[in-house]
Amino acid sequence: MYSTLVRLAESVTTKSLDLRQASVALYPPIPLYRRLLRAHRRLPIEMRLLGDDYVKAEFRRHKEITNPVHVMGFLTQWKMYLDELPRDPSDSRSFKKLDPTVYEKMSAEQLGQLYEFMHATKEIWKPVNGEQAQSETKK
């Protein structure tokens, strides 16, 4: 089936199909939004809820943007996020640290949001006091 799709795609274009370049292609906003929400289905429920809410809020905030440069940057960053989502969330090695150069490019407001996000995620993953007490008594 895969080879048939590749041949079909190659027959439509004059150039040979470069799969790396195809993965860099941007999606229109609505299909990208849907793909992001579908990709979140593979995440643990807490991460999915947090991610879904964030994606929905960001897309709502940027709904009225008309500057093509901002739209392209927005879609590019969300496509990169989609590509970075782990295929198997249970594998902790699949999560990637944020590149230090990204920190340098962030505004003070963005750094503040990232800081708040970090604390929100720590609260989600913090064990409940009852669970801590039970695990300590078993030791």
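Modeller: Gladly, and let's begin with a helix pair in this predicted model. H3 and H4 pack at an angle of about 170°, and their axes are 9 Å apart.

Biologist: What makes H3 and H4 roughly antiparallel to each other?

Modeller: Angles over 145 degrees count as roughly antiparallel. The angle between H3 and H4 is about 170°, and the two helices are therefore called roughly antiparallel.

Biologist: Which residues of H3 and H4 meet?

Modeller: From H3 come Pro29, Leu32, Tyr33, Leu36, Leu37 and His40, and they meet Arg48, Gly51, Asp52, Val55, Lys56 and Phe59 of H4.

Biologist: How do you know that the length of H3 agrees with what a helix should span?

Modeller: H3 covers residues 29-40, which is 12 residues. At 1.5 Å a residue these should span 16 Å, and the end C-alpha atoms are 17 Å apart, which agrees.

Biologist: And which residues of H3 are buried?

Modeller: Leu32, Leu36, Leu37, Ala39 and His40 are buried in H3. Seen down the axis of H3, the buried residues fall within an arc of 160°, so they line one face of the helix. They pack against helix H4 (45-61) and helix H5 (68-84).

Biologist: Which residues are buried in H4, and what covers them?

Modeller: The buried ones in H4 are Gly51, Asp52, Val55, Ala57, Glu58 and Phe59. Their cover includes H3 and H5. The length of H4 agrees as well: its 17 residues should span 24 Å at 1.5 Å a residue, and its end C-alpha atoms are 24 Å apart.

Biologist: How do you know that the buried residues of H5 line one face?

Modeller: In H5 the buried residues are Phe74, Leu75, Trp78, Lys79 and Leu82. Viewed down the axis of H5, they fall within an arc of 130°, so they line one face of the helix. On the other side of H5, Val69, His70 and Gln77 are exposed. As for its span, H5 has 17 residues and reaches 24 Å from first C-alpha to last, close to the 24 Å expected.

Biologist: Let's turn to the loops. Why is arginine 41 called exposed?

Modeller: Exposed means over 50% relative accessible area. Arginine 41 has 56%, so the word exposed applies. This arginine is in the loop between H3 and H4, and its C-alpha atom is 9.3 Å from that of aspartate 52, 11 residues apart along the chain.

Biologist: What makes aspartate 88 partly exposed?

Modeller: Buried is under 20% and exposed is over 50%, with partly exposed in between. Aspartate 88 has a relative accessible area of 41%, so it is partly exposed. Aspartate 88 is in the loop between H5 and helix H6 (100-105).

Biologist: How many helices and strands does the chain have?

Modeller: There are eight helices and zero strands, giving the pattern α-α-α-α-α-α-α-α along the sequence. Of its 139 residues, 16% count as buried.

How values were computed
Residues numbered from 1 in each chain as written. Predicted model: local features only at pLDDT ≥ 70, side-chain atom pairs only at ≥ 80, totals over all residues. Heavy atoms only, no water. Helix = DSSP H or I, 4+ residues; strand = E, 2+ residues; numbered from the N terminus. Expected span 1.5 Å × (residues − 1). Buried < 20%, exposed > 50% of the residue type's maximum accessible area, 1.4 Å probe, protein only. Arc of directions from axis to C-beta. Contact = heavy atoms within 4.5 Å. Axes fitted to C-alpha atoms, helices over the stretch in contact; angles between N-to-C directions. Parallel < 35°, antiparallel > 145°, perpendicular 65-115°, else oblique.
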